[in-house]
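Subject: Structure for your review

Dear colleague,

Please find below the sequence and structure that I am handing over to you. My findings follow directly after it.

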Amino acid sequence: MHIVACIKQVPDTTQVKIDPETNTLVRAGVESICNPYDLVAVEAGVRVAEKYGGKVTVITMGPPQADSALRQCLSLGASEAILLSDRAFAGSDTLATSYTLAQAVNKLNATEPVSLVICGKQAIDGDTAQTGPGLATWMDYTQLTYVVEIIEVADGFITVKREVEGGTEVIRGKLPALLTVELELNPVRYATLPELVRSLRQEIKVLGAKDIGGEPERYGLKGSPTSVKQIFAPPPHGGGKVFETASDSDKVIEDFLSTFFEKESSILSEVLSSDGSDHAQEQ
Amino acid sequence: MPKNSKGREIAEIIPAKCIGCERCLAACPVPEAMTMEGGVAIIFPEVCIGCGRCFDACPTEAIIFERVRKKKAAKPEAAGAAEAAASVDGHKGVAVFIEVYQGHGAEVSWELMGKARELADKLGTQVLGFLLGHNVKPVAEEAIAHGCDTVYMADSPAFQVYLSKLYGRAVAKMCQQVKPEILLLGATAMGRDLSGVVATILHAGLTADCTGLDIDMEKRLLLMTRPTFGGSIMATIVCQNQRPQMSTVRPRVMKLPRRDPGRKGEIRTLDLGAQADSLPQVIEFMPKAHEVGGVDITKAPVLVVVGKGACDSRHLPMLEDLARLLGGAVGCSRAVVQAGMLPYVRQVGQTGKTVAPSIYIGVGVSGAVQHLVGMQGSDRIIAINTDPHAPMMQIADYALVGDYLEVVPRLIKGIEARLPSLKGVSS
């Protein structure tokens, strides 16, 4: 079985800080990492390949440096890696990105037909969760999002457990299918030394727009219906009142409560009148 | 103005202003002169030819370029503008996809209905509802009561269960028949699953998790504002040339409109023709309602949130007391889930749940940006922390500097003393 995992290299948002003076982002020296959800996707693909036989190809679209994220996936057991890198892809929104990935999967289909595509639920830099469904739609594959368990792959069908509103469902769909996966699907293994060495030595295939074909006007900026018009700093919430409780905690907290109950009396009475309704804790 | 070693005046990126949209890269004529790193554009000074096209393309003034150019570079025209104008023409109305759970419309759909009403009034057009399901006429009537003018309904046993391809194709078909200029969906599990399918079929622009929606009256464009980079920047996104302009909005971001049972509207039944083939089958559904004490942190009016600074299970009962006193629930930051003190369903933040309680009480929560994006819609924020410089203390309406073990018991005592009088007033 040929499995494709789609990954994205993202800035490590846990390192992004805000400069309190200028209220701007401090992003100098922020590392690029492989999107954590996508590592779970690669691991899931490798597990399916180990269980049912087959191999995993990882694909990413990005700048030449995205190479390092692909190598990390190779070290986790992926067999091949493809980097889609071309100026023609620059400025892609999720529609153009999913189109580009679809062209790459089509190209793979010509030689080694793909049964399963696995993507992370979302990328931590944009949080849109749109690329997976987009890719499934371009390919006309069975779409199964928010997967928390892969139960079985057999007889041209896949059965998974997925998160839905208000619960989970077990659902069985025809292959080829596209899954987007949650973090709790499976822990990601540590690479073994031989796999690490292989991942560093292995060649990564770099493909551009001409290599994967498709309609040029669907790539990059031209193929992206959305554009950023403006950015601005979020309205400050703060300017709040500070209460130093260290010195005389009894008095200061009394002061706080008096202020709070006086100034926020309408919010408080609203909150307390809804007391005992649908949110109530059943403990 | 910076120069390279050849003495050429070149462009320079201001990383703090760069949003990683890659418009500069798309505009740059020299393949090796620019790249992206860590989500920020980089210019290689020795390769840059100083043409200034990146400067023209940048939407955020993140590029410095001051060289006087002989020919003023014309702003690049939007691709396929003529074709686009044709596809924009004839699209009217603000549509809301109405989610149905167990025979009822989802609250987020009514919240969106309220927003759609406001947008439609600005545009001088109608609010439309797109409704799929089986025996859902009562939901259509609810939609009208919440501000919808015309509900387009496809009522069929086939739509009893949500399936991506089935619903995706059906909603896309509704868009092709009805031609709304805007389509809003809830950013729920279903809405996010569906919106990507519909947008791809229609080749439409889609913006996820918008926190603000407005209209550019001059151009009749939807202005979709969303937090980006973990909420530290707000970006306004537009979709010039494709219709509908699609946007998802998380629950409890927009205000629930007042329900008016006497409101009049129209219900039209649509026949969407043949259904998609080879659909997956739902074998089993397991409701989650009674998991983990039935607590839904997204619905609690008051949320006491435990952070790393209060991650000690011995003191959890005290924090639960505080929450219970105010009719609230206990949530937590990611570190507390990782420590195993509370389950994942209680996690607030980017990788957890988005909450917007009336009162948020952060106990020992430092306020990493990933956490802040998940709670910044809270009405009032109280923070308790020993570090007055913690980000949470900066954004709080009330910042209590001190040890939570000292502060919380006194809060409980003080609130207990005040509650009787307050309850007496409200009831």
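In what follows, a residue is called buried if 20 or more other C-beta atoms lie within 10 Å of its own, exposed if 12 or fewer do, and partly exposed in between, with C-beta atoms placed from the backbone. The structure is a predicted model, in which local features need pLDDT of at least 70 and side-chain atom pairs count only at pLDDT 80 or more, while totals for chains, interfaces and linings use all residues. Residues are numbered from 1 along each chain as its sequence is written, and chains are lettered from A and ligands numbered from 1 in the order in which they are written.

The two chains

Chain A has 8 helices and 15 strands; helices (H or I, at least four residues) and strands (E, at least two) are DSSP runs, numbered from the N terminus. Of its 283 residues, 49% are buried. Chain B comprises 427 residues, 53% of them buried, and contains 12 helices and 22 strands. The C-alpha trace of chain B spans about 75 × 60 × 45 Å along its principal axes.

Two residues are in contact if their C-beta atoms, placed from the backbone, lie within 7 Å. Among contacts with a separation of 6 or more, residues 24 or more positions apart account for 68% in chain A and for 64% in chain B.

The interface

In total, 108 residues of chain B are in contact with 96 residues of chain A. Helix α12 (residues 404-426) of chain B gives the most to the side of chain B that touches chain A, namely 11 residues.

Strand β11 (residues 167-174) of chain A and strand β17 (residues 281-287) of chain B run antiparallel and are joined by 6 bridges; strands pair if DSSP finds at least two bridges between them. Within this pairing, V170(A) stands opposite E284(B).

Helix α6 of chain B

Helix α6 (residues 164-178) of chain B is mostly covered, with 11 of its 15 residues buried. Among these buried residues are K165(B), R169(B), M174(B) and C175(B).

The expected span of a helix is 1.5 Å times one less than its number of residues. For the 15 residues of α6(B) this gives 21 Å, which agrees with the 21 Å between its end C-alpha atoms. Just after α6(B), K179(B) takes a positive phi of about 55 degrees.

Yours sincerely
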